[in-house]
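Subject: The two-chain model

Hi,

Here is the structure I promised to pass on.

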Amino acid sequence: MATATRDELVHMRGVCRRFGHVDALADLDLTVSVGSITVLLGPNGAGKTTAIRMITGALDPDAGEIRVFGVDPADHGQAVRERCGVVSAKPSLYDRLSGWDNLAYAAELYGLGRHADDRILDAAAQFGIQDSLDAQVGGYSTGMKTRLALARSVMHRPDLLLFDEPTSGLDPESSHAVLELIRDFAGGGSTVVMCTHLLLEAEGLADRVVVMEEGTDLIAGTPDELTERYWPGAVVRMDAERPEALDRLARREGVLAYERDGTAELQLDDLARIPDLVSELTADGVRLTRVEPRRPTLEDLYFAVRDGRAFAEGTRPAADDAGLTIEEVR
Amino acid sequence: MAAITASEVSATALPADSGHIDRARLWTVARTDLKQLIQAKDFWIPMLILGSIFFLFVPTVLLLAITRVGNVQVVEQLSTTLEVLPQKAQEAIQGDSDAGRAAYAMAVYLFAPVAIVVPLTISTAVGAATIVGEREKGTGEFLAHSPAAVREIYLGKLIASLVPGYLTTLLGFGVYSLVVNLIVGPDVGGWFFPTQEWWVLMFWVVPPFLALTLSLVLRLSARVKSTAAAQQASGLVTLPLIMVAYSQSTGALFGAGSASFVIGAVAWVIAIIGLSRGVRAVTRARLLGVADGI
């Protein structure tokens, strides 16, 4: 069995966990490197929350190996949890208590001692809730509650931050603000694991993406690695005054795939073919209105993998590439 | 924030879980639960009313009826009833008149069960909601991810459930002592309450019964799906226990001093066994609500 390497803060191999007749995790492999932002991406029920719970040792696996900070959280749970900061999908706050009391409770459980008051004030200021600390949390807006939960998660200065759908229930503006705060926080060198089912949230935030489904990891890698492995080499979008005039491109040399649904999307063997294609169309009197080489978003990658487009001709990943085989893309 | 470096991941040797109970954390859990109870007026106002009814209003009305209204028929009936008490208890009854003796007997012997029913009722209500409540509110997730050990959480919640009931009982006991001495005292030659048996009852017999009951209630609270279910199940489980405690507390007052100590000692042993077994019912999986059977 593979063991955790020196820069792996979290190392999970073949982790399984069953609840009744449901496999919450089924052979999950997950690696989180020091100082990275890892996004667990997947639909509801994919096993993201269970994975977070395994990392802190809140749940034990039925099978598999877990190492966090180099130790097994099942045996070193307390020490691991002291170094983790968690924000769950529901903010997990005590509504009858004030914001201050919620933070003070965490400060005492995490043993901050005489530093508690200073840390509470620092964390509250960091997330812009210092003026609301005396109010009962039951009266907070959803956004305020999320900020309070975030403040609570970082107050003890954890080495590993685990955010489970931190923007759940927030309006777009608040979501954006929370993601900015996470980005700023991660910019300080902290290691972050964030779960989300919103692909846009992961875009631009993730150093590493793990797409999960039915309790297992479908694919994992940096956005660039995933693009290289699972996205056709060169994709260009084209449109014209008479879009049907573009259909002739489907038979041109170097065009691997052609699809037109409103605009035309071409998969080429090389982006260098674009000028020739444009010249040819122009010479034939086709008036182009759009020519746009396209870089895939995470959403494109996600659905490419799910829909099997990653298996398109010429796009199969190398079997020995970074240890990720085509068999792992289930 | 000082972020961890790669070399620190492997260089830092994290200690294994020791099973040691951190008292500061335990008290933090208890204090936070109690703070939430204090914020919940819808809980403590009925609790205060319950204690007032049992320790103030009912004794005041009954003892005044005996000593001041002078209803001869009632006093005679009570005097007859006193004859069924154990000889030792009859000998301990003080008072120059039938009314005084009847009031003394009522104050010292017949209200003993109140001292059991009130704390068990209140603490059961608190305890039943304590763990399932964390799960329902989603705060169980915070506790499960916190460094607090499950034993610290369990004991903290046990204390938080025990304190409201026992504190109400002690306060009620103080009020009751005042009422008894003011109303019955003049008929029996001065202030006489609490008697030795009541001291033993309050500080030796009641606490273990309370702890035993809560060990069962917390176990239920960890296992059921909702607070409503926990309240229902707790009622069923604690009712027989209340009846046992009721009879034993009465027996403790009627019997010799040694009987009270024996009853208390047996209750303590059973309570300690119940508590040590009860701690196993609280797991992080149950706090999260993902344990099998929840």
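Before anything else, a word on "domain": the domain bounds I use come from an automatic or database domain assignment. Please also keep in mind that this is a predicted model.

**Chain A: two domains**

With that in hand, chain A splits into domain 1, covering 8–227, and domain 2, covering 233–317. If you take the centres over C-alpha atoms, domain 1 of chain A and domain 2 of chain A are 39 Å apart. The two do touch: 11 residues of domain 1 of chain A are in contact with seven residues of domain 2 of chain A.

Which elements give two or more residues to the domain 1 side of that contact in chain A? They are α7 (199–202), β8 (208–213), β9 (216–221) and α8 (223–230) of chain A. Of these, α8(A) gives the most, with three residues. Sorted by class, the domain 1 side that touches domain 2 in chain A has nine nonpolar residues, one polar and one charged.

Next, colour β7 (residues 191–196) of chain A. Is this strand buried or exposed? Six of its six residues are buried, so β7(A) is largely enclosed by the rest of the structure. You can check both faces of β7(A): A:Thr191, A:Val193 and A:Cys195 are buried on one side, and A:Val192, A:Met194 and A:Thr196 are buried on the other.

Now look at what β7(A) pairs with. Strand β3 (residues 37–41) of chain A runs parallel to β7(A), with five bridges between them. One pair to click on is A:Ile37, whose bridge partner in β7(A) is A:Val192. Strand β6 (residues 160–164) of chain A is also parallel to β7(A) and is joined to it by five bridges. Finally, β6(A), helix α6 (residues 172–187) of chain A and β7(A) together make a right-handed β-α-β unit.

**A four-stranded sheet in chain A**

Further along chain A there is an open sheet of four strands, in the order β11-β12-β10-β13, with antiparallel pairing. Which strands sit at the edges? Those are β11 (255–261) and β13 (288–294) of chain A, each pairing on one side only. On average, neighbouring strands of this sheet are turned by 20° against each other, ignoring direction.

Helix α9 (residues 274–283) of chain A packs on this sheet and touches β10 and β13 of chain A. The direction of α9(A) makes about 170° with that of β13(A).

Inside the sheet, strand β10 (residues 234–240) of chain A and strand β12 (residues 263–268) of chain A run antiparallel and are joined by five bridges. For an example, find A:Val236: its bridge partner in β12(A) is A:Leu266.

**Chain B: helices and no strands**

Chain B has 13 helices and zero strands. Its C-alpha trace spans about 90 × 40 × 35 Å along the principal axes. Of its 294 residues, 43% count as buried. Among contacts in chain B with a separation of 6 or more, 84% are between residues 24 or more positions apart.

Why does B:Leu63 count as buried? A residue is buried if 20 or more other C-beta atoms lie within 10 Å of its own, and B:Leu63 has 22. Leaving aside neighbours within four places in sequence, the contacts of B:Leu63 include B:Ala103, B:Met106, B:Val179 and B:Ile183. B:Ala99 is 36 residues away from B:Leu63 along the chain, yet their C-alpha atoms are separated by 9.5 Å.

**Where the chains meet**

The contact between the chains takes 43 residues from chain A and 35 residues from chain B. On the chain B side, α1 (6–11), α2 (23–39), α8 (139–145) and α13 (284–288) of chain B each supply at least two residues. The largest share comes from α2(B), with seven residues. By class, this side of chain B has 18 nonpolar, 11 polar and six charged residues.

Cheers

Notes: Residues are numbered from 1 along each chain as its sequence is written. Chains are lettered from A and ligands numbered from 1 in the order in which they are written. This is a predicted model: local features need pLDDT of at least 70, side-chain atom pairs count only at pLDDT 80 or more; totals for chains, interfaces and linings use all residues. Ala, Val, Leu, Ile, Met, Phe, Trp, Tyr, Cys and Pro count as nonpolar, Asp, Glu, Lys and Arg as charged, and the others, Gly among them, as polar. Two strands pair if DSSP finds at least two bridges between them. Axes are lines fitted to C-alpha atoms, for helices over the stretch in contact, and angles run from 0 to 180 degrees between N-to-C directions. A residue is buried if 20 or more other C-beta atoms lie within 10 Å of its own, exposed if 12 or fewer, and partly exposed in between; C-beta atoms are placed from the backbone. A crossover is right-handed if, with the strands pointing away from the viewer, the path from the first strand over the helix to the second runs clockwise.
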